[in-house]
Every structure is written in structure tokens, then in C-alpha cells.
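I opened the model today to look up the ligand site and the sheets. My notes follow.

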Amino acid sequence: MAYETVLIEDAQGVRTITLNRPQALNAFNETLKDELIDALKAAARDKSVRCLVVTGAGRAFCAGQDLKDRSDRADQAGSAGPGSFSASLRDKYNPMIMTIRTMEKPVIAAVNGVAAGAGCSLALACDLRVVADKATFIQAFVKIGLVPDSGATFLLPRLVGMGKALELAFTGDPLDAGTALTLGLANSVVPGEALLTATMDLATRLAQAPTRAIGLTKRAMNRALLVDLESALDYEADMQEIAGRSPDFAEGVSAFMEKRQPRFTGQ
Ligand code: LHQ
């Protein structure tokens, strides 16, 4: 599929998807939603992709739903037709978030600028966030009378705690990069001009890691958010059974014995 609104770049096992509507701060119109879902699914399927980076072109990461795009507006309150909010979420945003959360490889958001509304949710759905020092996170929904969506009600309290999540959702105030780091929402904060280099350093390292084990780790942690300890312990044992039979485990142990660096293939 040739894309109009996303750019794709591959290097050393890392795929970078760049949201590319800089004139609208990479807000989601219908084309961008469709293309991003397609690009995410393609990255999930492609075994040569061992780490995914999502970033934005220009000065923003993503300003959420394109508020000027009339094709996605509910024409009347309570509408459940193709123009309804619930349909838009169920058909477009929710699959986008689920594809990232269930993709069994690491996904890094390189947050180059403002991440607002569903654009903030997109950043929250990624596994890790490398953040430019001038970037901000905005739960913009309340400013226009909406409810946090695209996973924000689930992901934000888990990342920053319920009290802070509710404060951000109730006020819509921007969260700066430094505070995001303190709260654990950002994994690292770097000067804007160093963002892509810093992200690629991390991404290429993760692309050389045992991808199967990383995928199973993500699966286990996703599930552990929802279950009791006994069930989490049981699931860990199942995941370890799979990882323990992988070629990368054999390689990891051989490398340890031979006192050399492992050469993981992702299998
Ligand atoms: C935009 C946008 C934008 C279009 C900036 N759309 N053009 C919603 C509905 C339906 C179903 C599913 O779920 C959702 C989820 C959501 O995402 S709701 C939240 C939608 N997003 C927002 O409410 C954020 C709106 N934008 C802003 O608050 C500001 O633009 C931010 C804080 C992001 C950036 O502020 P500034 O840096 O001051 O930039 P700006 O406001 O001057 O924007 C620059 C341009 O980008 C401007 O266009 P123009 O032609 O005047 O230069 C904006 O209109 C455009 N833009 N966000 N979401």
C-alpha cells in the first residue's frame, strides 16, 4: 500500500513510522487513521522488523482527531451510524491501540512535540516513550467536552497513578517533558535535535535483543495488569516454557558459556 500521510523507513531491524500531516500537527483525518492501522499491522506481521518507532513530522507528535475533518463528525447526538464517535473509536482508534499493545515486539514513541487527545493516547499505547524536551502531553478531550479515549482511561492511570491521571483529564493542562519523566510517563527526555539519534540508539539495541522473549514479556505484562498474582505466576511459567525452547535462549546460554556477546536472531 502506498501511503499519503505516513512515511516508512527501515534500518537495522528498526521500522520508523512517521505521521506526516505537519500542517495539521499530524491530526488524524480518515486517511491517516487508515494508513497508520495498515502500517502498524504490516510492522506486526513482518519478522524482519524487530523494533518499531512511531514519531511525527514537523513540530508536533500528533494533535489527536482532526477537528476540521467533517467526514468523522456525528451529525446528531446519539448517532451510531458511520459518522458516530463510537463507530469512529471502535472501527479506527481502538484497532490502532490494540495493534500496538498486542504486537509482540517493542514499540517506541519518539515524542517530538505536542501529543494531544488521541495523539496522547497513541504515545501512551507505545511500550516506551523517548521525549523531546519541548514536547508536552495534553488530555485535550475535556477542552472540547469529550471523555479521554483511545485507551487513555486505561493507560494513563496505570502510568502515572489515578490522582494525577484524573487531574490531567479534568484540567486538560499540558504535562511538560520533565514532569512526564518524573512521573515515569517518559522513559527519557533529550534535546529536540537529539531525539531521533537517541531513539535509534535504543531501537537498534532492542532490535538486536531476543525478540521472541520480548514479545512474550509484553504479552505477560499486558495480562498481569488485569489478573491476580497466582494467575500471573502461572502465565509467566507458560511464557517461560515458550521462551526456554527458543533458539535465542540456546544462543544466550552458549554466548554466556563462551564468554562472548550473543547474536540473537529474534526466533
Ligand atoms: C488542528 C488540530 C486538530 C485539526 C491543531 N485538528 N487541526 C475525537 C472525536 C471523535 C472520535 C474519536 O475521538 C476523538 C479523540 C480526540 O483526539 S479529541 C481531541 C482532539 N484534539 C484536540 O482537541 C487538540 C486541538 N489542538 C490544540 O489544542 C492545539 O492545536 C495544540 C495544543 C495541539 C497545539 O497548539 P499550538 O502549538 O498553539 O498550535 P495551533 O493551535 O496554532 O495549531 C497549528 C495548526 O494546526 C492550526 O492550523 P492553522 O491553519 O490555524 O495554522 C490548527 O488549527 C491545526 N490543528 N490541532 N486536532
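Ground rules. I am working with a predicted model, where local features need pLDDT of at least 70, side-chain atom pairs count only at pLDDT 80 or more, and totals for chains, interfaces and linings use all residues. Residues are numbered from 1 along each chain as its sequence is written, and side-chain values use heavy atoms, with hydrogens and water left out.

Next I checked polar contacts (pairs of N or O atoms within 3.5 Å). Asp149 has a side-chain N or O atom 2.6 Å from a ligand oxygen. For Arg59, a polar side-chain atom lies 2.8 Å from an oxygen atom of the ligand. Ala118 uses a backbone N or O atom, 2.9 Å from a ligand oxygen. The ligand alone exposes 1,000 Å², and the protein buries 66% of that (Shrake-Rupley method, 1.4 Å probe).

Four-strand sheet. I read the order as β4-β6-β8-β9, in an open sheet with mixed pairing. Strands pair if DSSP finds at least two bridges between them. β4 (60–62) and β9 (175–176) are the edges; each has a single partner strand, so one side of each lacks a neighbour in the sheet. β6 (residues 114–116) and β8 (residues 136–138) pair in parallel over 2 bridges. There, Ala116 stands opposite Ile138.

Six-strand sheet. This open sheet runs β1-β2-β3-β5-β7-β10, with mixed pairing. β1 and β10 (188–190) are its edge strands, each pairing on one side only. From one strand to the next, the twist averages 20 degrees.

What is the sense of pairing between β1 and β2? I noted antiparallel, over 6 bridges, for β1 (residues 6–11) and β2 (residues 14–19). Leu7 has Thr18 as its bridge partner in β2. The hairpin has 2 residues between the strands, and Gln12 takes a positive phi near 50 degrees. β2 and β3 (residues 51–56) run parallel, joined by 6 bridges. Thr16 partners Val53 in β3.

Conventions. A polar contact is a pair of N or O atoms within 3.5 Å; within protein, one must be able to donate a hydrogen and the other to accept it, and residues adjacent in sequence count only if both atoms are side-chain atoms. Axes are lines fitted to C-alpha atoms, for helices over the stretch in contact, and angles run from 0 to 180 degrees between N-to-C directions.
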